[in-house]
Amino acid sequence: MKHIDWLQLILLPVVIAIMFVAWFEPWVQWIVLSTGVDRAALVPPPGLMVFVLLASTFTTRYALRHTRYQRWLIVMGGWVILMGVAWLTYRLIALPAFLRNLLDWHNFIAPELSVIVATATLWWRGILIGRSRALIDENLDRTFFNGVLALGILLFINHFTRYVSPSDMLAALLVFF
């Protein structure tokens, strides 16, 4: 019978995913709201972001150990997740309107494009976690210090712009710490 290292296989990826999303989601919210677009700009919920990161991690681990079509499985999984997150986030918008909004950049960048880029970033981060043979404490420490720095910068910037509500910032800080 195989010995399963629950800390390395389950617990550390979940902790790293939650810590990463705790600082990443307010940044995505700030970027989407800073576009200044008058249409309703939606941000994927944090639970969906954690799911994307964990799905990427476990898909990468499965692909690297059990299949010969590793890259194909990881890339196709990423495309499915990108389309799924876009559909779940903007399901009230018809496909032609979504595509038009995706290319309509008014002042800065389309909110739909920033959500797609954020989802791709989460998928890439999950691939990096899934590729590492052993998630050592150094990876957790690096995630923590990057998050502290990112949250500190966002708190400073958000003090002047107020795009992210104080209650959302407090929730992010409480979840992160």
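Good morning. The secondary structure of this protein chain comes to seven helices and zero strands, where helices (H or I, at least four residues) and strands (E, at least two) are DSSP runs numbered from the N terminus. The model is predicted, so local features need pLDDT of at least 70 and side-chain atom pairs count only at pLDDT 80 or more, while totals for chains, interfaces and linings use all residues. Residues are numbered from 1 along each chain as its sequence is written, and side-chain values use heavy atoms, with hydrogens and water left out.

I begin with the chain as a whole. Along the sequence, the pattern reads α-α-α-α-α-α-α. Of the 177 residues, 42% are buried; buried means under 20% relative accessible area, exposed means over 50%, and partly exposed lies in between (1.4 Å probe, protein chains only). The chain exposes about 10700 Å², and carbon and sulfur atoms supply 70% of that area. Accessible areas come from the Shrake-Rupley method with a 1.4 Å probe, and for residues only the protein chains shown count as cover. A contact here means heavy atoms within 4.5 Å. Among contacts between residues at least 6 apart in sequence, 77% join residues at least 24 apart.

I turn now to the helix pairs. Two packed helices are described by the angle between their axes and the distance between the axes. The axes are lines fitted to C-alpha atoms, for helices over the stretch in contact, and the angles run from 0 to 180 degrees between N-to-C directions.

How do the axes of helix H1 and helix H5 cross? Helix H1 (residues 6-33) and helix H5 (residues 111-131) have axes that come within 11 Å and cross at roughly 160°. That makes H1 roughly antiparallel to H5; angles under 35 degrees count as roughly parallel, over 145 as roughly antiparallel, 65 to 115 as roughly perpendicular, and the rest as oblique. The crossing of H1 and H5 is right-handed. In this convention, a crossing is left-handed if the near helix is turned anticlockwise from the far one by less than a right angle, and right-handed if clockwise. On the H1 side, the residues in contact include Phe 20, Phe 24 and Ile 31, and on the H5 side they include Val 115, Leu 122 and Arg 125. By class, the contact of H1 with H5 has 13 nonpolar, two polar and one charged residues. For these classes, Ala, Val, Leu, Ile, Met, Phe, Trp, Tyr, Cys and Pro count as nonpolar, Asp, Glu, Lys and Arg as charged, and the others, Gly among them, as polar.

Next come H1 and H7. H1 packs with helix H7 (residues 166-176) at an angle of about 165°, and their axes are 8 Å apart. H1 is therefore roughly antiparallel to H7. The crossing of H1 and H7 is left-handed. Ile 18, Met 19, Ala 22, Trp 23, Pro 26 and Gln 29 in H1 meet Asp 168, Met 169, Ala 172, Val 175 and Phe 176 in H7. This contact of H1 with H7 divides into nine nonpolar, one polar and one charged residues.

Two residues of H1 deserve a comment. Gln 29 lies in helix H1 and is buried, with a relative accessible area of 12%. Which residues does Gln 29 touch, not counting residues up to four places away in sequence? They are Val 43, Val 164 and Asp 168. Gln 29 and Asp 168 are 139 residues apart along the chain, and their C-alpha atoms are separated by 9.6 Å. Glu 25 is also placed in helix H1, and at 14% relative accessibility Glu 25 counts as buried. Leaving aside neighbours within four places in sequence, Glu 25 is in contact with Val 43, Pro 44, Pro 46 and Met 49.

Helix H3 (residues 70-89) packs with H5 at an angle of about 145°, with the axes 10 Å apart. H3 passes H5 in a right-handed crossing. The residues of the contact of H3 with H5 divide into nine nonpolar, three polar and no charged. Among those in H3 are Gly 77 and Gly 78, and among those in H5 are Thr 119 and Trp 123.

Arg 162 is found in the loop between helix H6 (137-161) and H7. Arg 162 has a positive phi of about 60° although it is not a glycine, and Arg 162 is exposed, with a relative accessible area of 55%. Pro 166, in helix H7, is exposed with a relative accessible area of 62%. Pro 166 and Leu 155 are eleven residues apart in sequence and 9.4 Å apart in space, C-alpha to C-alpha.
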